[in-house]
Amino acid sequence: MTEILLFAIPAFFIILGALIVVFAKNPVHNAMGLVLTLTSLAIVYITLNATFVAMVQMLVYAGAVMTLFLFVIMMIGVDKPDQSKESIKGQSLLISGTLIILVAIVLFVILENGLNWALFFPESENIIDGTPSLIAGVMFTSWVLPFEIISILLIVATTAALALAYEFKKSDSND
Amino acid sequence: MIEVTSDWYLTLSAILFSIGFLGMMFRKNALIMFMCIELMLNAVNLTFITASRHLGLIDGQIAVFFVLVVAAAEVVVGLAIIVSIFKKQESASVDMLSSSKG
């Protein structure tokens, strides 16, 4: 019973937060809905034995990324409401088609198949614990090349953000 | 006694992805669209972690780590672009961005 509650309560808040993100009118409410979703997801990660990822999720997403979002909302202010005008012909028809396919897949699995995704691989007996030492042991041996590449990506992103935010003066370009 | 299996988590992830897709397609504000991209990325992360537990392998959690870093980098650059666009046209709506098509 505890197991089901530990899944159901965060799952409810995840979906509630996601709906707030999509449907709220005030951008600050959207951002708060995203915080709700991300925090609840961290709880789900803990129940899935991924404690380190849950901590990183809280630090990076609910901490850094959301602060950035709120900062930008404060800078550019609360925007005008969306216009419902179509800028591409037949846009909403195409979107609805794709959306119906996604919803149909989920409903088929839930109702018709009895919540069974018919996974190809059987469930493993091996219980892993996502502790920092275990993750570091794999990341710095077999995943070390992707790790180095991701560090280059971070440097490039930082430089790009600086270049976008910096206002080049006329005298700079003359040098 | 019902047991919480991987299928439950996969269903939750699919629902979260669908909601994110809905918002991405129907909202016009660039900031909200970014938040919806975050929702979709988190749905994928949940799938990765479920697979990691299902298969008993740690590699899924490492993949989540990389997705997190890429998402953070993407948000930094994306928000910088939104701010510089806003300075120019006083709105974060993507409809007005059609002026950037060459």
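Predicted model: local features only at pLDDT ≥ 70, side-chain atom pairs only at ≥ 80, totals over all residues.
Me: Helix H2 (residues 30-55) of chain B and helix H3 (residues 59-89) of chain B pack at an angle of about 175°, and their axes are 9 Å apart. Why is H2(B) called roughly antiparallel to H3(B)?

Reply: The term applies to angles over 145 degrees. The angle here is about 175°, and therefore H2(B) counts as roughly antiparallel to H3(B). On the H2(B) side the contact includes Leu31(B), Phe34(B), Leu41(B), Phe48(B) and Ile49(B), and on the H3(B) side it includes Val64(B), Val67(B), Val75(B) and Ile82(B).

Me: What classes of residue make up the contact of H2(B) with H3(B)?

Reply: By class, 14 residues are nonpolar, five are polar and one is charged.

Me: What pattern does chain A follow along the sequence, and how many helices and strands does it have?

Reply: Chain A follows α-α-α-α-α-α-α, with seven helices and zero strands.

Me: Helix H1 (residues 2-23) of chain A packs with helix H2 (residues 27-47) of chain A at an angle of about 155°, with axes 7 Å apart. How do you know that H1(A) is roughly antiparallel to H2(A)?

Reply: The threshold is again an angle over 145 degrees. The value for this pair is about 155°, so H1(A) is roughly antiparallel to H2(A). H1(A) also passes H2(A) in a left-handed crossing. Among the residues that make the contact are Leu6(A), Phe7(A), Pro10(A) and Phe13(A) of H1(A), together with Leu34(A), Leu36(A), Ser40(A) and Val44(A) of H2(A). By class, this contact has 14 nonpolar, seven polar and no charged residues.

Me: How many residues does each chain bring to the contact between chain A and chain B?

Reply: Chain A provides 70 residues and chain B provides 63 residues. On the side of chain A that touches chain B, the elements that give two or more residues are H1, H2, helix H3 (51-76), helix H4 (91-112), helix H5 (132-139) and helix H6 (144-165) of chain A. H3(A) gives the most to this side, with eleven residues. The residues of this side divide into 56 nonpolar, nine polar and five charged.

Me: Ala161(A) lies in helix H6 of chain A. What makes Ala161(A) partly exposed rather than buried or exposed?

Reply: A residue is buried if 20 or more other C-beta atoms lie within 10 Å of its own, and exposed if 12 or fewer do. Ala161(A) has 19 other C-beta atoms within 10 Å, and it is therefore partly exposed.

Me: Which residues of chain B does Ala161(A) touch?

Reply: Ala161(A) touches Val76(B), Val77(B) and Ala80(B).

Me: What percentage of residues counts as buried in chain A, and what percentage in chain B?

Reply: In chain A, 19% of the 175 residues count as buried. In chain B, buried residues make up 46% of the 102 residues.

Me: Which domains does the domain assignment give for chain A?

Reply: The assignment gives domain 1 (1-78) and domain 2 (132-166). The C-alpha centres of these two domains of chain A lie 23 Å apart.

Key. Residues numbered from 1 in each chain as written. Chains lettered and ligands numbered in written order. Axes fitted to C-alpha atoms, helices over the stretch in contact; angles between N-to-C directions. Helix = DSSP H or I, 4+ residues; strand = E, 2+ residues; numbered from the N terminus. Parallel < 35°, antiparallel > 145°, perpendicular 65-115°, else oblique. Contact = placed C-beta atoms within 7 Å. Nonpolar A, V, L, I, M, F, W, Y, C, P; charged D, E, K, R; others polar. Left-handed = near helix turned anticlockwise from the far one by under 90°. Domains from an automatic or database assignment. Lists of a residue's contacts leave out its neighbours within four places in sequence.
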